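Keep the structure open as you read.

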Amino acid sequence: MLPPLRRLRARLSSRWTLLLAAALAALTVYLSGADVAITSMLFGLCSIAILVHSPVKPMPASRPDVAEEEKVQADLLPPVLYAAYGALELPVVVFRVDATVLFQNRAMERAFGPLPQGSHVSARWRSPSILDVIRETVATDEPNQIEHSERLPSERVYTVRIAPIDLPAGVPNGEKLYTMSFKDISELRRIDRMRSDFVANASHELRTPLASLKGFIETMQGPARSDVKAQERFLAIMLDQANRMSRLVDDLLSLSRLELKAHLAPSDMVDLVPVIGHVSDSLAPLAADLGVDLRLHLPKSKVEVMGDRDELIQVFENLMENACKYGQEGKVVDVHVRNEPGHAVEVSIVDHGPGIPAEHVPRLTERFYRVSVADSRSKKGTGLGLAIVKHILTRHRARLIVKSEIGKGTDFTVRF
């Protein structure tokens with residue numbers, strides 16, 4: 001409905017001829033000698049009659065109200081759309097027909113980093129499968145999804161869904177937009193892989209001690225039934241094999257727990273100086289038995305890093321214990337903590353033993369990889385220690401650097 005003033009203006013503009021005639025008639029009456037008040041009253045009555053009894057056709061000017069309302073709705077649509085996507089925990093990016101980025105929500109920025117508006121999606125995702133499915137979605141205007149893996153900073157697996165955005169009917173000049181969302185299914189894939197790896201690795205590593213236990217039990221039930229000395233010797237070996245299986249299962253479970261939270265970076269600050277001191281104290285009896293001198297080179301001030309204290313203790317226990325066991329010929333293990341300005345924090349565990357051949361160094365952190373199987377088992381190793389170290393450091397966004405020289409020793413450096 002038009003406002004009163006606009007209606008009056010419309011009526012005046014549409015009946016100006018009749019009003020002009022009424023004015024001329026009133027002027028004629030006045031010139032004929034009538035009183036001014038009577039003349040004015042006559043003109044007013046004529047004007048009212050013309051305006052009241054003359055229907056006015058709807059003016060096209062009434063339509064801009066509807067158009068204006070539609071324009072307001074169209075202007076409000078992008079902010080509302082982006083605010084809704086911004087509240088989602090699912091990483092989402094909105095792009096145009098030409099695959100240029102229009103918007104990304106906070107979850108997307110946290111997961112993949114900032115992507116400038118107007119840049120092409122290939123600036124961040126160069127995967128041919130993602131680019132192909134984007135082209136297919138734009139061409140067919142139908143949703144599609146694929147599975148995509150990211151390798152850095154840690155391995156992640158996503159279900160990537162690309163779909164057109166259906167804008168409401170009636171929105172003028174609506175630009176065709178598309179969404180690309182990432183659903184993290186890393187945990188599901190990791191659990192599936194852990195199950196298969198656990199079965200394969202455990203069955204392989206447990207086969208030997210189980211066979212030994214079975215053989216000794218059968219011997220004790222048969223030929224050694226009455227041999228007390230043989231039974232004592234066999235029972236000692238059986239206990240050693242049972243302890244080996246227990247250590248193996250513990251390490252496998254520890255590795256599985258670490259894999260489940262590998263993508264969750266720790267948020268606490270840990271001072272490495274007391275951590276190294278604690279590990280040194282706990283390994284002092286072992287070092288004394290092996291004839292190894294553990295020498296600590298620690299700064300007087302705090303050396304803080306972002307980390308999980310218990311997991312860092314596990315890392316340095318493993319590395320220092322390995323240095324004592326496998327580098328005991330050198331009789332000394334040096335532990336250096338460095339926190340030089342402008343450089344990364346480093347902890348180095350250096351032994352002066354026989355060293356590791358160069359061809360073995362790149363594979364040291366693989367599960368169940370041993371430079372010498374016999375040497376590892378004689379020292380009660382499970383082959384999982386450095387794999388656990390690698391997973392903990394990956395979670396801490398740290399690196400393990402291994403340098404070794406035959407006859408001179410090995411340097412394991414953790415760089416934060």
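Does Gly-291 count as buried, partly exposed or exposed, and at what relative accessibility? Gly-291 counts as partly exposed, because its relative accessibility is 38%. Buried means under 20% relative accessible area, exposed over 50%, and partly exposed in between (1.4 Å probe, protein chains only). Gly-291 sits in the loop between helix 9 (272–290) and strand 7 (293–297). Its C-alpha atom is separated by 9.0 Å from that of Glu-329, 38 residues apart along the chain.

This is a predicted model: local features need pLDDT of at least 70, side-chain atom pairs count only at pLDDT 80 or more, and totals for chains, interfaces and linings use all residues. Residues are numbered from 1 along each chain as its sequence is written, and side-chain values use heavy atoms, with hydrogens and water left out.

Now the whole protein. It has twelve helices and twelve strands. Helices (H or I, at least four residues) and strands (E, at least two) are DSSP runs, numbered from the N terminus. Of its 416 residues, 38% count as buried. Contact means heavy atoms within 4.5 Å. Among contacts between residues at least 6 apart in sequence, 61% join residues at least 24 apart.

Helix 12 (residues 385–395) is mostly covered, with nine of its eleven residues buried. Among them are Leu-386, Ile-388, His-391 and Arg-395. The buried residues of helix 12 pack against helix 8 (228–260), helix 10 (309–326), strand 11 (399–405) and strand 12 (409–415). Arg-397 follows helix 12, and its phi is positive, near 55°.

Next, the charged pairs. A salt bridge is a side-chain nitrogen of Lys or Arg within 4 Å of a carboxyl oxygen of Asp or Glu. The whole structure holds twelve. In one of them, Lys-176 pairs with Asp-141, the closest N and O atoms being 3.5 Å apart. Lys-176 lies in the loop between strand 4 (156–164) and strand 5 (178–184), and Asp-141 in the loop between helix 6 (128–140) and strand 3 (144–150), so the pair ties together parts 35 residues apart in sequence.

Arg-295 and Asp-334 also meet in a salt bridge (2.8 Å, N to O). Arg-295 lies in strand 7 and Asp-334 in strand 9 (residues 332–338), so this pair ties together parts 39 residues apart in sequence. Arg-295 is partly exposed at 38%, whereas Asp-334 counts as buried at 6%.

Finally, Glu-346 and Arg-415 form a salt bridge (2.7 Å, N to O). Glu-346 is in strand 10 (residues 346–351) and Arg-415 in strand 12, 69 residues apart. Salt bridges that share partners join Arg-338, Glu-346 and Arg-415 into one network.
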